[in-house]
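Please read it beside the sequence and the coordinates.

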Amino acid sequence: MSKLEVHMFPALSDNYCYLIHDNQAGLTGVIDTPDVPAIERALKETGWTLTHILNTHHHADHAGGNLELKQKTGCTVVGAATDAARIPGIDIKVGDGDVFEFGSHKAQIFDVSGHTIGHIAYWFEDSGVAFVGDALFTLGCGRMFEGTPDQMWTSLQKLMSLPDDTIVYCAHEYTQANAKFALSVEPHNQALIDRAVEIDRLRSQSLPTVPTTIGEEKATNPFLRPSSADLQKTIGLTGAPLVEVFAETRRLKDHF
Ligand code: ZN
Ligand code: FE
């Protein structure tokens, strides 16, 4: 069985979008639909024919192009059952623990609510890749528009349980700002300090800081590190329950 092919491209001002391709089955999916012209250019460039939309959540920069693409291509729209009413054109409704079969590739579905209710992630275990939308970013996590800290922390723990070498494709280039915040709450984390230098180097050349890996995020992303003594001390919550540390970290980022 061949590996799932992934073609990453920028969309809108700071989104990343992904085509996934199963050559044997002749299937091509797009992870979210921020920008129809950008998606059409990527399809032309790869020579692939769109068969599926895999949505992570309902926001316009993720599902806004669903109907136009579905109308133009007749593709099948996959999205969260729990948020079906807000996913335009949804055909296949999936939820936490489900497996979506994309040709010979199986995607395990995780409910990662918090940024929105009914946000899902797709983990292709056989290819070692996860598409996480706005749940987790390089050195950050999505703003909690709809969920509670409990919900979001539960969601992030699901992603933390994936193998460290899992390649994480997130939906935005927010990393440089995330790094500044991360350093402010965990100033003595050497892995983070080193990573921030590397991020500045990449961004100064307009190179992406995505994808990342679960292992790198566990080592440097403050939202996955409420157990860090340095973080707890910096925000004044030494020994507090992890969900409280997470909630305070998220709150501080909102006002950073
Ligand atoms: Zn969003
Ligand atoms: Fe977004």
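## Helices α1 and α3

Val36, Ile39 and Glu40 in α1 meet Glu68, Leu69 and Lys72 in α3, where contact means heavy atoms within 4.5 Å. Helices (H or I, at least four residues) and strands (E, at least two) are DSSP runs, numbered from the N terminus. By class, this contact of α1 with α3 has three nonpolar, no polar and three charged residues. Ala, Val, Leu, Ile, Met, Phe, Trp, Tyr, Cys and Pro count as nonpolar, Asp, Glu, Lys and Arg as charged, and the others, Gly among them, as polar.

The model is predicted: local features need pLDDT of at least 70, side-chain atom pairs count only at pLDDT 80 or more, and totals for chains, interfaces and linings use all residues. Residues are numbered from 1 along each chain as its sequence is written, chains are lettered from A and ligands numbered from 1 in the order in which they are written, and side-chain values use heavy atoms, with hydrogens and water left out.

Two packed helices are described by the angle between their axes and the distance between the axes. Axes are lines fitted to C-alpha atoms, for helices over the stretch in contact, and angles run from 0 to 180 degrees between N-to-C directions. For α1 (residues 36-46) and α3 (residues 66-73), the axes come within 10 Å and cross at roughly 40°. The pair is therefore oblique; angles under 35 degrees count as roughly parallel, over 145 as roughly antiparallel, 65 to 115 as roughly perpendicular and the rest as oblique.

## Helix α5 and its partners

Helix α5 (residues 175-185) packs against α6 (residues 190-204) at about 155°, with the axes 10 Å apart. The two helices are therefore roughly antiparallel to each other. Their crossing is left-handed; a crossing is left-handed if the near helix is turned anticlockwise from the far one by less than a right angle, and right-handed if clockwise. On the α5 side the contact uses Thr175, Gln176, Ala179, Ala182 and Leu183, and on the α6 side Leu192, Ile193, Ala196, Ile199, Asp200 and Arg203. These divide into seven nonpolar, two polar and two charged residues. Aspartate 200, in helix α6, is 24 residues from glutamine 176 in sequence and 6.9 Å from it in space, C-alpha to C-alpha. Aspartate 200 is partly exposed at 41% relative accessibility; buried means under 20% relative accessible area, exposed over 50%, and partly exposed in between (1.4 Å probe, protein chains only).

The axes of α5 and α9 (residues 242-254) come within 11 Å and cross at roughly 130°, so this pair is oblique. The crossing of α5 and α9 is right-handed. Asn178, Phe181 and Val185 of α5 make the contact with Thr249, Leu252 and Lys253 of α9. By class there are three nonpolar, two polar and one charged residues.

## Cysteines

A disulfide is a covalent bond between the sulfur atoms of two cysteines. The structure holds zero disulfides, the criterion being a pair of cysteine sulfur atoms within 2.5 Å. For cysteine 17, the nearest cysteine sulfur is that of cysteine 75, 12 Å away. Cysteine 17 is buried, with a relative accessible area of 0%.

The sulfur of cysteine 141 has its closest cysteine sulfur in cysteine 170, at 11 Å, which is too far for a bond. Cysteine 141 is also buried, at 5%.

Histidine 7 belongs to strand β1 (residues 5-11) and is buried, with a relative accessible area of 18%. Beyond its neighbours within four places in sequence, histidine 7 contacts Cys17, Tyr18, Leu19, Ala42, Glu45, Thr46 and Trp48.

Valine 78, in strand β5 (residues 76-80), is buried at 0% relative accessibility. Not counting residues up to four places away in sequence, valine 78 touches His52, Ile53, Leu54, Asn55, Ile92, Val94, Phe100 and Tyr122.

## Backbone geometry

Most residues other than glycine have a negative phi, and most peptide bonds are trans. Aspartate 32, in the loop between β3 (27-31) and α1, has a positive phi of about 70° and is buried at 3% relative accessibility. Serine 206 has a positive phi of about 55°; this residue lies in the loop between α6 and β14 and is exposed, at 60%.

A cis peptide bond joins valine 210 and proline 211, with omega about 5°. Proline 211 is found in the loop between α6 and β14 (212-213).
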